[in-house]
Amino acid sequence: MKTLILSSSLSENSRSYLLCKAVMGELIARGNNITFVDAMNIPMQPVHRGGTPEMETLARQVDEADNIIIGMGVHCYSVNDSLKILLDACFGKATGKFYGILCAAGGERSYLSTMQLTQICMNEWRMMQLPRIVYATGKDFKEDIIISSEVLERIALFSEEFHTIGNKLS
Ligand SMILES: Cc1cc2nc3c(=O)[nH]c(=O)nc-3n(C[C@H](O)[C@H](O)[C@H](O)COP(=O)(O)O)c2cc1C
């Protein structure tokens with residue numbers, strides 16, 4: 001099973017990146033074949049300005065993946081700007097794929113913001129979402145370490161379910 005993990009934040013101290021890395025570790029331990037893409041390494045332009053070679057590579061990686069995990073930060077109760085650019089420009093071949101969401105936010109009350117990503121993926125590409133999200137806020141981290149046992153438990157559960165259902169679908 002080939003899983004693409006896209007960490008979409010452009011923040012140097014991205015917490016959703018840390019969630020992506022933690023899930024990557026869990027999935028590798030279960031024998032998954034992981035392609036990890038960090039948006040920090042993708043020079044990007046909005047869709048009408050033409051794609052960069054790195055964006056074309058991501059579009060190919062989306063096509064080749066059996067399933068996809070997306071790390072997002074919440075911006076104004078929605079997806080972060082860089083993720084929206086990558087979705088618009090690089091997800092054309094994501095149709096019908098199974099996917100999951102890992103989300104970092106500033107506050108406890110923005111958890112419904114992941115529905116913006118659900119709406120895009122389900123309405124635009126009929127993607128099927130794992131009905132479990134990992135949602136974390138600043139208090140769940142100490143510098144670049146996840147310290148919340150609840151979040152760590154959710155990461156393990158998310159990974160187990162993503163692995164099991166992903167295998168059945170691919
Ligand atoms: C422009 C902007 C808008 C934000 N809007 C929200 C918001 O609506 N709700 C929230 O809980 N946090 C908000 N935040 C905080 C981020 O979600 C938080 O910093 C999170 O860690 C970002 O993910 P990242 O660390 O992976 O980049 C916002 C941050 C920025 C920079």
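Which strand does Ile34 lie in? Select residues 33-38 and you have the answer: Ile34 sits in strand 2. Helices (H or I, at least four residues) and strands (E, at least two) are DSSP runs, numbered from the N terminus.

Before going on, two notes for your viewer. Residue numbers count from 1 along each chain as its sequence is written. This is a predicted model, in which local features need pLDDT of at least 70 and side-chain atom pairs count only at pLDDT 80 or more, while totals for chains, interfaces and linings use all residues.

**Stop 1**

Two residues are in contact if their C-beta atoms, placed from the backbone, lie within 7 Å. Ile34 has 16 other C-beta atoms within 10 Å, so this residue is partly exposed. A residue is buried if 20 or more other C-beta atoms lie within 10 Å of its own, exposed if 12 or fewer, and partly exposed in between, with C-beta atoms placed from the backbone.

**Stop 2: helix 1**

Next, select residues 15-29, which form helix 1. Its 15 residues should span 21 Å at 1.5 Å a residue, and the end C-alpha atoms are 22 Å apart, which agrees. The expected span is 1.5 Å times one less than the number of residues. Buried residues here include Tyr17, Leu18, Leu19, Cys20 and Val23. After helix 1 comes Gly31, whose phi is positive, near 90 degrees.

**Stop 3: helix 5**

Move on to residues 149-169. Helix 5 has 21 residues and reaches 30 Å from its first C-alpha to its last, close to the 30 Å expected at 1.5 Å a residue. Colour Val151, Ile155, Phe158, Ser159, Phe162 and Gly166, which are buried. They cover an arc of only 100 degrees around the axis, which puts them on the same side of helix 5. The arc is that of the directions from the helix axis to the C-beta atoms. An α-helix has 3.6 residues a turn, so residues three or four places apart point the same way.

**Stop 4**

Show helix 1 and helix 5 together. They pack at an angle of about 55 degrees, with their axes 9 Å apart. That makes helix 1 oblique to helix 5. Leu19, Ala22, Val23, Glu26 and Leu27 of helix 1 make the contact with Ile155, Ala156, Phe158, Ser159 and His163 of helix 5.

For the second pair, select helix 2 (residues 53-64) and helix 3 (residues 81-90), whose axes come within 9 Å and cross at roughly 70 degrees. That makes helix 2 roughly perpendicular to helix 3. Met55, Leu58, Ala59 and Val62 of helix 2 meet Leu86, Ala89 and Cys90 of helix 3 in this contact.

Axes are lines fitted to C-alpha atoms, for helices over the stretch in contact, and angles run from 0 to 180 degrees between N-to-C directions. Angles under 35 degrees count as roughly parallel, over 145 as roughly antiparallel, 65 to 115 as roughly perpendicular and the rest as oblique.

**Stop 5**

Start with Ala39, in the loop between strand 2 and helix 2. Is Ala39 buried or exposed? It counts as buried, with 22 C-beta neighbours inside 10 Å. Not counting residues up to four places away in sequence, Ala39 touches Leu6, Ser7, Ser8, Ser9, Leu10, Ser82 and Leu86.

Jump to Leu130, in the loop between strand 6 and strand 7. Leu130 is partly exposed, with 17 other C-beta atoms within 10 Å. Beyond four places in sequence, Leu130 touches Gly100, Glu161, Phe162 and Ile165.

Arg126 is in the loop between helix 4 (114-125) and strand 6 (128-129). Its phi is near 50 degrees, a positive value in a residue other than glycine. Arg126 counts as exposed, with 11 C-beta neighbours inside 10 Å.

Finish at Glu143, in the loop between strand 8 (141-142) and strand 9. Phi of Glu143 is also positive, near 50 degrees, and Glu143 is exposed, with 7 other C-beta atoms within 10 Å.
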